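Let's walk through this model together, one region at a time.

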Amino acid sequence: MSEIMINKGEISKFFAIGRRKESTARVFLVAPGKGDFLINKKPFDKYFCRVTDRLVVEQPLQLTDTLNKYDVIANIHGGGPSGQLGALRHAISRAIIIAHPEAREMLRKNGFLTRDPRMKERKKYGQKGARKRFQWTKR
């Protein structure tokens, strides 16, 4: 778990990594901030088009009342939209803990710190997929 706190004068940066499925998110929480999100050098509403996706990402910040105190700068790679969403929420939650250790219990109770272990099952030899078999014919 790679977590770092950087202080440069009046600007503080809190770095954390979050993962889900095949996605990895690297997040910097920058204080002081206005609540701006920059994901892969794109604005928040351009990267996650659905409103529900944006609400899921903001959950840890809203829970700890830090939504307008930090700017979020994130790099996400791998996986699809839902995996990237979960990885970003996980990374933001971890970064909040570095900034505010007292918020750990609150985030833990809501399940934001638990790394989702579910992964894609691998394809097995002699089969068509992970579970599906080749069709058997009697004659």
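Predicted model: local features only at pLDDT ≥ 70, side-chain atom pairs only at ≥ 80, totals over all residues.

Residues are numbered from 1 along each chain as its sequence is written, and side-chain values use heavy atoms, with hydrogens and water left out.

Let's begin with charge. Side chains of opposite charge can pair when their charged atoms come close. Here a salt bridge is a side-chain nitrogen of Lys or Arg within 4 Å of a carboxyl oxygen of Asp or Glu, and the structure holds six of them. One of these joins Arg 20 to Asp 116, with 2.9 Å between the closest N and O atoms. This pair links distant parts of the chain, 96 residues apart: Arg 20 sits in strand S2 (residues 11-20), and Asp 116 in the segment after helix H4 (104-109). Helices (H or I, at least four residues) and strands (E, at least two) are DSSP runs, numbered from the N terminus.

Are these two partners buried or exposed? Buried means under 20% relative accessible area, exposed over 50%, and partly exposed in between, using a 1.4 Å probe and protein chains only. Arg 20 has 16% relative accessibility, so Arg 20 counts as buried. Asp 116 counts as buried too, at 18%.

Another salt bridge brings together the side chains of Arg 131 and Glu 121, at 2.9 Å from N to O. Both residues lie in the segment after H4, so the pair ties together parts that are ten residues apart in sequence. Arg 131 is exposed, with a relative accessible area of 62%, and Glu 121 is partly exposed at 36%. Salt bridges that share partners also make one network out of Arg 20, Asp 116 and Arg 118.

Lys 34 and Asp 36 form a further salt bridge, at 4.0 Å from N to O. Lys 34 is exposed at 62% relative accessibility, while Asp 36 is partly exposed at 41%. Keep these two in mind, as they will come back below.

Now find helix H2 (residues 51-63). Its 13 residues reach 18 Å from the first C-alpha to the last, close to the 18 Å expected at 1.5 Å a residue; the expected span is 1.5 Å times one less than the number of residues. Where is the kink in H2? A kink of about 40° lies at Val 57, shortly before the proline Pro 60. The bend at a residue is the angle between axes fitted to the seven residues ending there and the seven starting there.

The buried residues of H2 are Asp 53, Val 57, Glu 58, Pro 60 and Leu 61. They are covered by parts that include strand S4 (37-39), helix H1 (44-47), strand S6 (71-77), helix H3 (81-99) and H4. Just after H2, Asp 65 takes a positive phi of about 55°. Asp 65 belongs to the loop between H2 and S6, and is exposed, with a relative accessible area of 62%.

Next, follow the chain into strand S6, where you will find Asp 71. At 18% relative accessibility, Asp 71 is buried. Which residues does Asp 71 touch, leaving out those up to four places away in sequence? They are Phe 28, Leu 29, Val 30, Pro 32, Gly 33, Lys 34, Gly 35 and Asp 36, where contact means heavy atoms within 4.5 Å. The C-alpha atoms of Asp 71 and Gly 33 are 4.7 Å apart, although 38 residues separate the two along the chain.

The side chain of Asp 71 also reaches backbone nitrogens. A polar atom of this side chain lies 2.9 Å from the backbone nitrogen of Lys 34, and the side chain reaches the backbone nitrogen of Gly 35 at 3.2 Å.

A cis peptide bond joins Ala 31 and Pro 32, with omega about -5°, and Pro 32 lies in the loop between strand S3 (23-31) and S4. Lys 41, in the loop between S4 and strand S5 (42-43), has a phi near 65°, a positive value in a residue other than glycine. Lys 41 is exposed, at 77% relative accessibility.

Definitions and conventions:
Polar contact = N/O pair within 3.5 Å; in protein donor to acceptor, adjacent residues only side chain to side chain.
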